[in-house]
Amino acid sequence: MGETVRTLAYGEWPSPIDAATAAAHDGSPEFVGFVGDEVWWTEPRPTEAGRRTLVRRHADGAEESVLPAPWNVRSRVIEYGGRPWAGTVRDDGGPLVVFVNFADQRLYRYEPGGEPRPLTPVSPVGQGLRWAEPVPLPERGEVWCVLEEFTGDGPSDVRRVLAAVPLDGSAAEDRDAVRELSGVRHRFLTGPRLSPDGRRAAWLGWDHPRMPWDGTELVLADVGPDGTLRDARTVAGGPEESIAQVDWTHDGRLLYASDRTGWWNLYRDGEPVCPREEEFGGPLWKLGHRWFAPLDGGLIAVLHGRGALALGILDPETGEVVDAAGPWTEFAPSLAAHGERVVAVGAGPRSAHEVVELDTRTGRARVIGAAHEDAVDPAYCPEPQVRTFTGPGGREIHAHVHPPHHPEYTGPADQRPPYVIWAHGGPTGRVPLVLDLEIAYFTSRGIGVAEVNYGGSTGYGREYRNRLREQWGVVDVEDCAAVALALADEGTADRERLAIRGGSAGGWTTAVSLTTTDVYACGTIIYPVLDLTGWGTGETHDFESQYLESLIGPLAEVPERYAQRSPAAHADRLTAPFLLLQGLDDVICPPVQCERFLARLAGRDVPHAYLTFEGEGHGFRRAETMVRALEAELSLYAQVFDMKTPGVPTLELGR
């Protein structure tokens, strides 16, 4: 590395982080759990058609991908999926694992050394049978889980119940051999959590038009000797109380996270355990997300905090929380416990997500799986800043700012760098501050990135989350613009070279920003919502089909608002160049949204490109897709911001 820092135009710095490197390291381990004393989890394989494999950590520390391609351990329940696997130990000491295979959505039984055997049938109706959150109960000869069953061809022709699947394979060709447990009590529900004595089961349920972060109900039922669920009753929750997770303590007390005070806090048999103005839960986008795990000795492993979530051990008798020491500053909602051992998925600004084990007896935390390895010299990675900006009305806006960074180059003294505002998806969610090589791909070339946790984001309490109620397309757009303009006003960013990008709900925010403001010179719109009227009347999946009732307002009462807010209705206002990226298999934000938007843009003479990808759904998973998308995005900025990017294919912009 040279001793002299050279001056070169922003956006033109040579970088060792190419698109292929960024793509190969996309994704993170998820759904950690124990099989006996062993730790298992799922892990992405971008270079293997984007599948997720199941990884086993042996007693000697060796990692093994136990299922070869094309096995893909991923559930499609509610389309975003849920916990797709679980395991237990057989009488002979060997592992018994059940998992969902993505291609056919069947539940399989797997014992290392053998081949996976199907446990459930394929249904010809609609989009079939789907399963999530399995709980193996070998003593009953069953696995209990969530069943999502399509009853017709429409996205909302679906029912969801708790079901028991025989472990002997007798239901592999016989739907009638699947025993239903709960009946259709709610439109949506989570998997069952059984009490330590096996005599009670608890789960969460909710109904349209609520989303799980709006209001859920905690249902408790007795388990009969014959394995039936009896006397199901609601014991907590409601339309304005979100319960994010439920479990049982070692001594059979009901433990759950509720936001009844405005913050997701823990309750034990209805009594607060550690009342704080911080979160001990989060948005339930995937069935099986876990923010806490009870330990055998009575302590509770928790993820908690404002914004970023830390891993800690809570003593419910005193309310004291002791955080695990280590370099991890963010933890994903994937937590499991066995005895006094805790496993989690942690990351930080200098490391991607990795599997971390905390031994509560010693207080020692260490990486045990998916260990981060620097793909490039860390000197080329960004040095992010956690910042709070002021938005309209003086409201706070949380953001992560990643200035351009390169060990050998700086920009001209009389120039300011271009910046791209990143709007996260959800919109009920939050972008974590972790090492992301997609961000480094830009910052190492001299392009700044600012990730905005706009009003409506999680991690800052229900009041912050509710800012987006009936204000989607307003508050998110205003907050992103406020951050962009503040960076320009303070001299951090070039006012004339601001861009915005986002996927899913972030694609919506990007498109609305480009059609209603003059803040940005260009934008990248990724698998977006563009037409609210179509999206809210049957063009999306069942889970989010009435999400707009809270984000925009009741369609029956304010139909004009759906048209007024939609970028598709204002394509004539668009003048900034843009890149539109779309997976052709996306059932959440389908291609028809993009096609309708482009049809209304026809003849407007706006430079743009529309790239589609076969085999990709909502969220790109294949390495080749991510490479093409990332290089196209950089080329867009290069053309609009007048930058030279040798070695990057030129994106052809039509009109």
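Visitor: Leaving aside its neighbours within four places in sequence, which residues is F578 in contact with?
Guide: This is a predicted model, in which local features need pLDDT of at least 70, side-chain atom pairs count only at pLDDT 80 or more, and totals for chains, interfaces and linings use all residues. Residues are numbered from 1 along each chain as its sequence is written, and side-chain values use heavy atoms, with hydrogens and water left out. Taking contact as heavy atoms within 4.5 Å, and setting aside neighbours within four places in sequence, the partners of F578 are L514, G523, I525, F597, L598, L601, V606, P607, H608, A609, L636 and L653.

Visitor: Which residues have the most contacts inside the largest nonpolar core?
Guide: A nonpolar core is a set of buried (under 20% relative accessible area, 1.4 Å probe, protein chains only) Ala, Val, Leu, Ile, Met, Phe, Trp, Tyr and Cys residues joined through side-chain atoms within 4.5 Å. The largest one has 97 residues, and those with the most contacts inside it are I421, W472, Y520 and F578.

Visitor: Which helix gives the largest share of this core?
Guide: Helices here are DSSP runs of H or I with at least four residues, strands are E runs of at least two, and both are numbered from the N terminus. The largest share amounts to 8 residues, and these come from residues 475–489, which form helix α4.

Visitor: What is the order of the strands in the open sheet of 8 strands?
Guide: Two strands count as paired if DSSP finds at least two bridges between them. With mixed pairing, the order is β32-β33-β36-β35-β37-β38-β39-β40.

Visitor: Why is one side of β32 and of β40 left without a neighbour in the sheet?
Guide: β32 (385–390) and β40 (608–613) stand at the edges, so one side of each lacks a neighbour, and the reason is that each has a single partner strand.

Visitor: In which sense do β37 and β38 pair?
Guide: Strands of a sheet pair through backbone hydrogen bonds, either parallel or antiparallel. Residues 498–504 form β37 and residues 522–528 form β38, and over 6 bridges their sense is parallel.

Visitor: Which residue in β38 is the bridge partner of G502?
Guide: For G502, the bridge partner in β38 is I525. Among the contacts of F578 there is also I525.

Visitor: How many residues of α10 are buried?
Guide: Helix α10 covers residues 623–641. The helix is mostly covered, and of its 19 residues the buried ones number 14.

Terms used:
Buried < 20%, exposed > 50% of the residue type's maximum accessible area, 1.4 Å probe, protein only. Expected span 1.5 Å × (residues − 1).
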